[in-house]
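Please find below a short note for the file.

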Amino acid sequence: MSAILDDEVTFANCVESTAVLADNRMDAAFSASEGFIVEAAATPAAVQRAVSARQTWSAVGSMALCVAMLIASEFMPVSLLTPIAADLGATAGAAGQAISISGFFAVVTSLLIAIVAGRFDRRHVLMGLTGLMLASLILMAEAATFGTLMAARALLGIVVGGFWALATAIIMRLVPEESVPQALGAIYTGNALATTFAAPIGSYLGGIVGWRGVFWALVPLVVINLIWQWISLPSMPPQTAHPVGKILGLLKRRTVIFAMVGVMLTFAGAFTTFTYMRRFLETYTRVSVPQLSLLLLGLGGAGFAGTYGASALLGRHLYALLRLLPIGLAAVTLGLLAVGHMLWQVAVMMIAWGTLNSAIPVAWSTWLTKGISDEPESGGGLMVAAIQLSILLGAAFGGLLLDHLSIAATFIGGTILLGLAAVVIGSGNRIKG
């Protein structure tokens, strides 16, 4: 029965595409506002034929800038928590809860975005999410009450979940299959850039222009990003409907089940450790504040090497990397405990940790293009939800071990989760689509 329905859908699409293409040829349709010929077919090949290579990579660049702005908006408040709490008359703990609420909305949105936005051109959806990010920054900068702060962070959570759920599918439609790892690498370069500099710059500017001024400073950059998207992103009409059951229905696939377990164990293991890296450096290595800043900067800066290296290797060694990255990260985490009292050795380990950790999201995004290539948007939503949930659970698990045992127990707990991830992934056969 499903085969008959598929044949009918294919036939209907062919008829519709033929008719529209005929109209396009008769009318010599050309979209002056978007700068490319409009083709009726919404397939990746059709989108790629409709734009030049220069415009395609310009579109990828606009998405990379969007990632940088998104990560900066998400993590910059961490370095401004104290002045935000003082200005709004809240405790630091309450302000922290407001900041972390974005994670909850990211999980919900990542599961629903393909359904809610299923009938809209992906170009408009992406620009709409960027517009929401702009609104959240303005609300954050103008927040006079704790409730406004919560609303601003909720909006940002919607953008985080929506963008990451759709990003891989959009990249698959923009660039040829062989260029997908490089395009994803460009996206995660924006991620690495913002992760490295957002907190230090936010802290520095906050002392000069105040925490509100920091968020106002991001506003014109997001406006520029929105204009860039309008110029460079091609039209990407929806291809298929996304009923509610489709996303969760992916879990009926054995390969997807193993992959999601591997994703959650990998990210939970990483964030069990990463969340408490500062505590480790302060209590184990006993660094000064300048030393702490330099070590964390090295950790973030190493992300560029990890992103570039992963992009270069993923084409041929995807499944090996998915298994070896958590093993390597587990080994380096134990290495940090072994040399934890020696500053220079810790610095080397931190750089290695940052390099391996930054390669993990690039590798799993590339897996999505192969493991769920027939449903990349639904798969993207499922993966983002799994990642966001595992980050929350990993941080909670690490905190539990820290409060009841020690920072060493936290690092060992993260190592165990990473080891389990490698076991689940195995040789890669379990997660091959």
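**Notes on the predicted model**

1. Val-362 lies in helix α13, which covers residues 343-371. The coordinates under review are those of a predicted model. Val-362 has a relative accessible area of 0% and therefore counts as buried, the limit being under 20%.

2. Beyond its neighbours within four places in sequence, Val-362 makes contact with Gly-185, Tyr-188, Thr-307, Ala-310, Ser-311 and Leu-314.

3. As for the protein overall, the secondary structure consists of 15 helices and zero strands. Of the contacts with a separation of 6 or more, 84% join residues 24 or more positions apart.

4. The protein has 433 residues, 51% of them buried. Its accessible surface is about 19,100 Å², and carbon and sulfur atoms contribute 70% of that area.

5. The aromatic pairs number eight. Phe-163 and Trp-164 form an edge-to-face pair, because their planes stand at 85 degrees, over the limit of 60, with ring centres 5.5 Å apart. Both Phe-163 and Trp-164 are buried.

6. Two further features involve aromatic rings. Phe-271, Phe-274 and Trp-353 are linked into a cluster by ring pairs. At Tyr-319, the charged end of Lys-432 sits over the ring, 5.2 Å from the ring centre.

Conventions. Residues are numbered from 1 along each chain as its sequence is written. This is a predicted model: local features need pLDDT of at least 70, side-chain atom pairs count only at pLDDT 80 or more; totals for chains, interfaces and linings use all residues. Side-chain values use heavy atoms; hydrogens and water are left out. Helices (H or I, at least four residues) and strands (E, at least two) are DSSP runs, numbered from the N terminus. Buried means under 20% relative accessible area, exposed over 50%, partly exposed in between (1.4 Å probe, protein chains only). Contact means heavy atoms within 4.5 Å. Accessible areas come from the Shrake-Rupley method with a 1.4 Å probe; for residues, only the protein chains shown count as cover. Rings of Phe, Tyr and Trp (its six-membered ring) pair if their centres lie within 6.5 Å; planes under 30 degrees apart count as stacked, over 60 as edge-to-face and the rest as tilted. A charge sits over a ring if NZ of Lys or CZ of Arg is within 6 Å of the ring centre and within 35 degrees of the ring normal.
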